[in-house]
Amino acid sequence: MEPISTAIAGAALLQQAVSGLKSAIGTANDIKDVSGWLEKVWTADKQCQEQRNRNASVGALDGFKDAASDVIDRRLQQEMMNEVRTLIQMRFGVSAWEEIIAEKSRREREIKEAQAAARREKIRRAQETEEAIKTAAIVASIVAVTLALFIALVVTVASAQRMVA
């Protein structure tokens, strides 16, 4: 999919999520009733930001047209996110949005920390496995050398006994 159509799809997804949130917020008795819509809004917002970052690295496609389109899309996206914040604040109180954002940030941080801990644990296990393999190789080498020396000793003793006899 070309960058412009992908950006339009992301903006349409955000617009659809905001519309769904608007319709759900009027009938919501609890913040949990709108959480699904908020998740869709954040997902669409993230997709729009990722697409904008990809487009920024592409280079000058159409010059001014792309620059103007990017600015307008970013402003529209900010406008929709401000509208979502206002809807939440009007329905559930001024501090509700800040609490939601703080909780979202806390959970995202916990997920990142858990992923980092899992990566560290995986690396630790890989290092332990590597050390175990090295140790096994050393032990096997020592056993092989000892066995070879023993066989050489037996052959030498047998040769010596044949010569004496």
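The model is predicted. Helix α4 runs over residues 94-164, and the structure holds one aromatic pair and eight salt bridges.

**Helix α4**

- With 71 residues at 1.5 Å a residue, helix α4 should span 105 Å, and its end C-alpha atoms lie 106 Å apart, which agrees.
- The buried residues of α4 are Ala96, Trp97, Ile100 and Ala116.

**Aromatic pair and charges over rings**

- The structure's one aromatic pair is formed by Trp42 and Trp97, and it is tilted because the ring planes meet at 40°, with the centres 6.1 Å apart.
- Trp42 belongs to helix α2 and Trp97 to helix α4, so the pair ties together parts that are 55 residues apart in sequence.
- Trp42 and Trp97 are both buried.
- Lys104 lies over the face of Trp42, 4.9 Å from the ring centre.
- Elsewhere, the charged end of Arg91 sits over the ring of Phe92, at 5.2 Å from its centre.

**Asp45**

- Asp45 is found in helix α2, residues 31-58.
- Its relative accessibility is 11%, under the 20% limit, so Asp45 counts as buried.
- The side chains of Asp45 and Gln77 are joined by a polar contact of 2.2 Å.
- Apart from neighbours within four places in sequence, Asp45 is in contact with Leu14, Gln77 and Met81.

- Side chains of opposite charge can pair when their charged atoms come close.
- In an α-helix there are 3.6 residues a turn, so residues three or four places apart point the same way.
- Glu110 and Arg106 lie four residues apart in helix α4, about one turn, and form a salt bridge whose closest N and O atoms are 2.3 Å apart.
- Glu110 is partly exposed at 40% relative accessible area, and Arg106 is partly exposed at 30%.
- Glu128 and Arg124 are also four residues apart in helix α4, about one helical turn, and the closest N and O atoms of their salt bridge are 2.2 Å apart.
- Glu128 has a relative accessible area of 44% and is partly exposed; Arg124, at 35%, counts as partly exposed.
- Lys134 and Glu130, four residues apart in helix α4, meet in a salt bridge with an N to O distance of 3.4 Å.
- Lys134 counts as partly exposed at 42% relative accessibility, and Glu130 counts as partly exposed at 42%.
- Salt bridges with shared partners join Glu103, Arg106, Arg107 and Glu110 into one network.

Terms used
Residues are numbered from 1 along each chain as its sequence is written. This is a predicted model: local features need pLDDT of at least 70, side-chain atom pairs count only at pLDDT 80 or more; totals for chains, interfaces and linings use all residues. Side-chain values use heavy atoms; hydrogens and water are left out. Helices (H or I, at least four residues) and strands (E, at least two) are DSSP runs, numbered from the N terminus. The expected span of a helix is 1.5 Å times one less than its number of residues. Buried means under 20% relative accessible area, exposed over 50%, partly exposed in between (1.4 Å probe, protein chains only). A polar contact is a pair of N or O atoms within 3.5 Å; within protein, one must be able to donate a hydrogen and the other to accept it, and residues adjacent in sequence count only if both atoms are side-chain atoms. Contact means heavy atoms within 4.5 Å. Rings of Phe, Tyr and Trp (its six-membered ring) pair if their centres lie within 6.5 Å; planes under 30 degrees apart count as stacked, over 60 as edge-to-face and the rest as tilted. A charge sits over a ring if NZ of Lys or CZ of Arg is within 6 Å of the ring centre and within 35 degrees of the ring normal. A salt bridge is a side-chain nitrogen of Lys or Arg within 4 Å of a carboxyl oxygen of Asp or Glu.
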